[in-house]
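My entries follow the display.

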Amino acid sequence: MTTATSDAAPRQKLRDDDPEANLRLNPVKVAIGILGMVVIAWALGNMFLAFGYYPEKFGSKLVIGVLAVIGGVGGAAALFYFLNMFVEGLPRRLSEGFIPYAFVLPGLALVTLMLIYPTFQTVNYSFANSDSTAYIGFANYRTIFADNAFWTSIGNNVLWLLIVPAIVVALGVVVAVLADKLSATGEKVAKSLIFLPMAISFVGASAIWGLIYAYNNPGQSQTGLLNAIVVGLGGQPQTWLAISTAKLNSILLMVILIWLQVGFGMVLLSSAIKGVPEDTIEAARIDGASELQIFWKVIVPQIRGTVITVFVTVFILVLKVFDIVYVTTNGSYGSDVIANLFFNKLFAASEAGQATAIVVVLLVAVIPLIWFQIKHFKDEEAG
Amino acid sequence: MATVTFDNATRQYPGNPVPSVDKLNIEIEDGEFLVFVGPSGCGKSTSLRMLAGLEEVNAGRILIGDRDVTNLSPKDRDVAMVFQNYALYPHMTVADNMGFALKIAGVDKGEIRKRVEEAAKILDLSPYLDRKPKALSGGQRQRVAMGRAIVRSPQVFLMDEPLSNLDAKLRVQTRTQIASLQRRLGVTTVYVTHDQVEAMTMGDRVAVLKDGILMQCDSPRRMYDHPQNVFVAGFIGSPAMNLMEASVTDGGVNLGGHTVPVERDALKSAGKNVTLGVRPEDLELSDDGSGIPVTVDVVEELGADAYIYGSTEQKLLASTGETGGPVPFIARVDGRRPPEKGTVIHLKPKSGHVHVFNADSGERIGD
């Protein structure tokens, strides 16, 4: 109601000047708008082509970078300015309905170009041969389903999914609860230290942990921290990442991801735990609950939303896990995962058809999860 | 049901030089409704939380019945508490909220349901048992918090400003409901409020605290008629009691040239000056020009009565010749013939209704 009335006032004013000014088509505005958009698009297109084809003309890469930022941001602004002029030039009834779409359209077009089109193309290629020149039906799927490496990867991925998100959430909660009990400074220091690995890239972290798991022959001094400890305690050095018994190597790789992600879980869960009203905890204490009961029956239900958010976010991250396996074992010793298998099929074996088929399987597997996440977010919004 | 005893109970927060609750001594009888009242920071909530077990007791003891609970955890004290913000568990239904303590105690499900339903009936909550707290109004949430306490049939109810989040009308209604409910259940209750009207209307006895020290603990009537010190005199009663410095003369106290008769024995212990207190309703207009001259600033007409807010410029400390500044003065007069704004009236205290306090210690002198 209030917005309607406040909107009505300026409109009334416009009509005072020229009662029908914005009801009719304004050809000048429409023309300038279209012309402006075309010119901007043309200019931007040429600019970026020039960056690509004649980089030497610009002197240094820095100049290109600065120009690209100015041209990109300014160009987008100018494009929207002319788009707006064009829409405003349209008859009133048309422009009012059209405005939201006009502004969403460029973004939507980019999403389509960068996400939706590749998705369909990938599905398309999964039915084609190794260099995507001819369709071969379901042959790729038959090949990968008959391949042991594929099932090992699927099995490993499932194991990663079962272990990593759960442990990240559990450790995140434990760290958050314990940090909460420290002094203010202690909490800051502890949280910073635990959060720090978040800033390390997957490749960097894998290299670091590669050193921890490193193996030297018995008798030599051990580079690897783990083997150094084992030898120090009188044991034999082990080739840790080659031990597939009980999936030990996969689990050791998971440790890397857990180390990277616990900080993320901790930060979110810690703020959620701090958001639990203190008096509900006191009420539970008076109601006779033990500290453990308070944790499970009062705190956890109140941070359930955050737990799910952290879990699903890490879950999706784990589905995409690639770098860690690629850097450490590159999938050998039965530690392969789907993303790494895909990479090797595509770039090492040049099997584009099988590679795309593998990711299509992954895509199909992820859909229910994304659906669940969207539904959860909607429930959170509504609730 | 049980008595509650604070025996020199003291709470001092680390890093704080003075105790927040200092040697509190109160004996609360079985079934009594005791109200802690005082300005914010006086230690009333801390005292309650010490009794609940949410706050450590640094010195002294707290007993429930004959049991020393000083070092027991809250769950072993058999007390139920109603919090200011109700502290309902947001993820549980009303029924689950009320039955939580019983569930923790391992009471059988049917029994829990029965007791929850009984409490819900008493509190008019039966239609809401399956709702979550956020789907309830403020008043309903307050009743759920009450219900959670009732269901447990504890030895002591603790209530920490349970009405302060309700609107004025509901607060008055609920005030009566809580008081009558407490009489009916007969459970010893300790209630904290900053509102002295609440304290006076609800409590069997009222304990006034200031800076962690118990000022007085008495029945509302006694508290009103016999404030033990200047603080209680000024805190209890609305509008507040008029308090002013006055000099001791022969046979009484000189107040602006008017001698207020006070027993000679009582004045023996006082020095040259005392603090005199008169309640607004204990003043009457004098016709002969004697008494305290008061310039009327504001007249509040309440129908039956009218309150006069004025000030007096009188030389209050005649003995030293010191002149006090303008002293605010409140008096209740007949609502049908209130004086005009701006006029000067003369007011005399009714005899026997003057409170005399030691000017230095603030303690009451005489009866």
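I began with β9(B) and strand β10 (residues 213-218) of chain B, which pair in the antiparallel sense over five bridges. I took strands as DSSP runs of E with at least two residues and helices as runs of H or I with at least four, numbered from the N terminus; two strands pair if DSSP finds at least two bridges between them. The model is predicted: local features need pLDDT of at least 70 and side-chain atom pairs count only at pLDDT 80 or more, while totals for chains, interfaces and linings use all residues. Residues are numbered from 1 along each chain as its sequence is written, and chains are lettered from A and ligands numbered from 1 in the order in which they are written.

I noted that B:Val208 has B:Gln216 in β10(B) as its bridge partner. Two residues separate β9(B) and β10(B) in a hairpin, and B:Asp211 in the turn has a positive phi of about 50 degrees.

I then looked up β3 (residues 33-37) of chain B, which runs parallel to β9 (residues 205-210) of chain B and is joined to it by four bridges. B:Phe36 stands opposite B:Ala207 in β9(B).

Next I traced an open sheet of six strands in chain B, with antiparallel pairing, in the order β13-β12-β11-β14-β20-β21. β13 (258-261) and β21 (364-365) of chain B are at the edges with a single partner strand each, so one side of each lacks a neighbour in the sheet.

Finally I checked the chain contacts (C-beta atoms, placed from the backbone, within 7 Å): 14 residues of chain A are in contact with 17 residues of chain B. The largest share of the side of chain A that touches chain B, six residues, comes from α11(A).

Definitions and conventions
Two residues are in contact if their C-beta atoms, placed from the backbone, lie within 7 Å.
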